[in-house]
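Reader: I would like to learn how to read the main features of a protein model, one by one, with the general idea before the particular case. Could you take me through this one?

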Amino acid sequence: MEKHAWWKESVVYQIYPRSFCDSNGDGIGDLNGIRSKLEYLVRLGVNVIWLSPVYRSPNDDNGYDISDYRAIMDEFGTMADFDALLSEAHAKGLKIVMDLVVNHTSDEHPWFVESRSSKDNPKRDFYIWREGTPGNGSRPDPPTNWGSCFSGSAWEWDPRTRMYYLHFFSKKQPDLNWENPSVRNEIFDMMDWWCRKGVDGFRMDVISMISKPDIFEDSPTHGGLYGDSSVTCNGPRVHQYLQEMNRRVLSKYDLLTVGETAGVTVEEAQKYANAGGTELNMVFQFEHVELDGGAGGKWTRNPLSVRALKENLTKWQNALEGSAWNSLFLCNHDQPRIVSRLGDDSPKSAKCVATMLHFQKGTPYVYQGEELGMTNCPFGPIENYRDIESLNAYRELTESGLREASELLDCIAYKSRDNARTPMQWDDSPNAGFTTGVPWIMTNPNYREINAAAQIDNPDSVFSYYRRLISLRRGSEWKDLIVYGTYALLAPDDPDIYAYVRELHGRRLLIVCNLSGKAREFAPGLSPAPAETRLLISNSGTPLFSPVLRLSPWEADAWEVC
Ligand code: TEU
Ligand code: CA
């Protein structure tokens with residue numbers, strides 16, 4: 001019998017605070033704005049909130065560059081505002097999981113200010129400094145050919161001490177040196193401080209990157225999204241560090257912990273999220289959201305193949321069964337909107353994709369606006385973008401002549417992280433009710449049609465559909481079957497239909513999703529053939545079960561089959 005746990009039975013809602021709700025009219029979301037919307041989350045039925053970083057930050061990467069782990073970002077409010085949010089969330093039965101960004105800090109963090117001040121400063125080895133290699137310019141060449149995820153070299157020259165420091169992300173995000181026990185002590189003390197404040201867990205940013213290679217040498221493929229993940233991810237001591245973190249902090253509290261493990265494989269995930277609980281509860285893998293990438297990394301318009309998606313998600317379902325716990329996501333603040341990427345922007349396709357995901361085994365994550373069917377945004381010119389990843393890529397790839405500007409802009413429009421970062425669409429008032437001021441990023445013009453006010457009382461809305469999906473998992477007679485049942489894929493080669501069976505103690509669910517704009521017939525071919533069926537949910541009224549199902553475009557149905 002699989003061990004039960006509250007974080008296995010949860011549904012997590014991710015908030016990107018900068019874009020969620022602005023309470024003071026400065027055009028930037030904030031903590032008091034979030035607090036004003038807690039009832040909305042209670043109504044949706046989620047029980048955990050994952051807050052993207054709210055710590056003090058110069059916002060080079062919108063808070064993923066922290067300059068003080070124990071203070072709140074000025075734009076988001078005060079520590080008193082945070083305490084009020086935490087207390088009110090708990091009073092409403094909502095847990096709060098913090099975003100822990102400890103692979104790197106901001107270059108404005110006092111640790112780095114000291115570290116870069118001199119070679120013999122006590123904090124020097126809090127970060128990763130290396131001499132350059134002999135070059136023919138005015139200064140040495142970078143120590144290796146490693147690339148930053150945000151374009152350019154992963155090494156930044158520091159003229160004061162004439163050395164390079166490592167940054168796998170922006171040059172304002174220097175990587176911490178986890179080899180240094182003083183770094184680990186500081187991080188673990190900070191984590192404990194937040195746990196003693198009462199937070200309910202951590203989402204750990206690029207935690208698979210904290211252990212660097214033993215030997216710093218050129219990689220054959222330094223480019224790509226994470227640089228070369230064989231260099232940047234799953235390093236030699238990453239599990240040792242996480243086991244130490246677990247012993248010294250995590251095991252002392254009842255937390256939800258999820259690792260954002262860029263570059264993770266199923267074999268590594270079985271260590272990170274092992275059932276023995278010696279590291280984390282679960283991890284985010286990224287293979288399924290890189291299926292539509294290509295030689296140029298993420299900047300493509302390749303379609304997301306249903307067959308490839310089925311194969312990958314099924315690999316993860318099967319590999320982690322009985323050995324580790326899975327997370328389920330298709331949207332987050334780094335990904336384009338899934339209804340545009342896999343659906344056809346229609347509410348029906350949003351419900352279809354949600355059905356496909358939410359009946360699988362693992363803890364589901366709903367990203368702000370996903371429950372409304374919010375779509376990608378027509379940003380137009382590059383000037384309308386705000387994300388450092390998109391802006392750096394555009395500048396580097398066009399200035400180098402590697403990509404033609406309009407063709408690249410078309411790919412950025414499709415894949416930019418900014419698609420997920422436009423203001424949350426609350427109602428059809430100006431700026432979708434997100435702010436009374438000028439928003440920091442443009443509002444999607446379709447907010448007049450797609451917004452929470454138009455959906456929360458509409459039983460046919462995407463919001464109401466997500467609410468029913470979540471209630472099936474969290475409070476129905478099928479709860480245990482959905483959370484703990486086994487998973488078996490049907491029709492792996494069907495190019496449109498994603499169908500699978502969940503089973504527990506002899507009860508079976510059949511989930512059938514037509515992930516296409518075509519009407520389709522589909523014969524599940526169950527054996528034994530079901531003697532009776534009960535419809536749990538459908539995005540197409542009350543379809544009748546038959547040995548050959550007739551599915552309308554984007555139809556999704558979930559049945560108990562007895
Ligand atoms: O993202 C890690 C990461 O790999 C990103 O590069 C992301 O997957 C990519 O942009 C998708 O195209 C985490 C945070 O989620 C991201 O917001 C931060 O920018 C990054 O780490 C650095 O902290
Ligand atoms: Ca504000």
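Author: Let us begin with domains, whose bounds come from an automatic or database domain assignment. In this predicted model, local features need pLDDT of at least 70 and side-chain atom pairs count only at pLDDT 80 or more, while totals for chains, interfaces and linings use all residues. Residues are numbered from 1 along each chain as its sequence is written, chains are lettered from A and ligands numbered from 1 in the order in which they are written, and side-chain values use heavy atoms, with hydrogens and water left out.

Reader: How is the protein chain divided into domains, and how many Å apart are the C-alpha centres of domain 2 and domain 4?

Author: Domain 1 is made of the segments 12-102 + 181-218 + 225-377 + 421-463, whereas domain 2 spans 104-175, domain 3 spans 380-415 and domain 4 spans 485-561. Between the C-alpha centres of domain 2 and domain 4 there are 54 Å.

Reader: Which strands make up the closed barrel?

Author: Strands of a sheet pair through backbone hydrogen bonds, either parallel or antiparallel. Strands (E, at least two residues) and helices (H or I, at least four) are DSSP runs numbered from the N terminus, and two strands pair if DSSP finds at least two bridges between them. Here 8 strands, in the order E1-E2-E5-E9-E10-E11-E12-E13, form a closed barrel with parallel pairing. Its neighbouring strands are turned by 25° against each other on average, direction ignored; axes are lines fitted to C-alpha atoms, for helices over the stretch in contact (heavy atoms within 4.5 Å), and angles run from 0 to 180 degrees between N-to-C directions. Helix H3 (residues 79-91) lies across E2 (48-51) and E5, at about 140° to E5.

Reader: How should I read the aromatic pairs, and how many does a search of the whole structure find?

Author: A pair of aromatic rings is described by the distance of the centres and the angle of the planes. Rings of Phe, Tyr and Trp (its six-membered ring) pair if their centres lie within 6.5 Å, and planes under 30 degrees apart count as stacked, over 60 as edge-to-face and the rest as tilted. The search finds 32 aromatic pairs. Phe112 and Trp129 are stacked because their ring centres are 5.8 Å apart and their planes are at 5°; this pair links distant parts of the chain, with Phe112 in helix H4 (residues 110-115) and Trp129 in strand E6 (residues 129-130), 17 residues apart. Trp193 and Trp194 are instead edge-to-face, at 5.0 Å centre to centre and 90° between the planes. Ring pairs also link Tyr55, Tyr69, Phe82, Trp111, Phe126, Trp193 and Trp194 into a cluster.

Reader: Is strand E20 buried or exposed?

Author: Buried means under 20% relative accessible area, exposed over 50%, and partly exposed in between (1.4 Å probe, protein chains only). In E20 (residues 556-561), 6 of the 6 residues are buried, so the strand is largely enclosed by the rest of the structure. In a regular strand the side chains alternate between the two faces of the sheet. Ala556, Ala558 and Glu560 are buried on one side of E20, and Asp557, Trp559 and Val561 on the other. E16 (residues 507-514) runs antiparallel to E20 and is joined to it by 5 bridges, with Leu510 opposite Trp559.
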